[in-house]
Amino acid sequence: MVTIAHISDLHCGEVSHRRLDRARDAINRANPDVVVVTGDITHSGRRREYIVAKRFFASLRAPIVGCPGNHDAPVFDLVARIWTPFQRFQQLGLASAWDSSCGTVSIRALNSARAIQGRLDWSQGVYNSQDFAVFSFAPTASHRIIACHHPPHAPSPARMSIATRGLSAALPMLRGEHLFLCGHLHHSADYRVTGFAHLRVITAPTLTSPRERGEPPGFGLIKFSSPMRATTWRWSGDEYAPVSQ
């Protein structure tokens, strides 16, 4: 059995260190094989926020696969936002790929966030078909996982607008079953991609942000056995605890 802790939308800089400490305790107690973090690690892309994030990641006992979100490009440093938007994220040293020792679970991360776009809402995502074209999952993997911040579209009913670009070119490149692990929504969902029934999306709630969208902060714990089982751990009182099977 392979266990993944799926965390997202930490928004370091917006939250208290106490809640991050409790998240660390809960994730380590769950003892996952790998932690997947799907973006918005910081709130404004500030250096001091990345210092908090790096300290948090160093306290986790499992390897970490990660991708940036739209909040991870510097908001208040225009030069860095234009020329090196995700350099601070890259300095975290998170992995972009992970394969389980048994060879059944294969994870690849991609960046769906853009610091600047030709539309008003820069928080929305973009799928680059070239990223999908070069995916190379473990040949023995029965569970192929794509980690990115933005889901292809919102679940139904939608709690916020999702307008991810590039779907028509990128998604047809995925043959067979694939699982997207995503964030951005600040709530958990499990659904199939419209028009691509072989593509499944699981989103995680915000790990620590006070900006909740219909559910408390938390994270997902996914166990790949037979069958796959997903549990949500949610903030309750002063700790994170499993609440659903």
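Two strands pair if DSSP finds at least two bridges between them. Helices (H or I, at least four residues) and strands (E, at least two) are DSSP runs, numbered from the N terminus.

## Basis

This is a predicted model, in which local features need pLDDT of at least 70 and side-chain atom pairs count only at pLDDT 80 or more, while totals for chains, interfaces and linings use all residues. Residues are numbered from 1 along each chain as its sequence is written, and side-chain values use heavy atoms, without hydrogens and water.

## Strand β5 and its partners

Strand β4 (residues 97–99) pairs with β5 in the antiparallel sense over 3 bridges, with Ala97 opposite Arg108. The two strands form a hairpin with 5 residues between them. Gly103, in the turn, has a positive phi of about 85°. β5 also pairs with strand β6 (residues 143–147), in the parallel sense over 5 bridges; Ile107 has Ile145 as its bridge partner there.

In β5 (residues 105–109), 5 of 5 residues are buried (under 20% relative accessible area, 1.4 Å probe, protein chains only). Val105, Ile107 and Ala109 point one way, Ser106 and Arg108 the other.

## Contacts of Phe56

Leaving aside neighbours within four places in sequence, Phe56 is in contact (heavy atoms within 4.5 Å) with Ile7, Leu10, Leu20, Ala23, Arg24, Ile27 and Leu207.

## Cysteines

The whole structure has 0 disulfides (pairs of cysteine sulfur atoms within 2.5 Å). The sulfur of Cys12 lies 15 Å from its closest cysteine sulfur, in Cys67, too far for a bond. For Cys67, the closest is in Cys148 at 6.3 Å, also too far. Cys12 is buried at 0% relative accessible area and Cys67 at 1%.

Key: Buried < 20%, exposed > 50% of the residue type's maximum accessible area, 1.4 Å probe, protein only.
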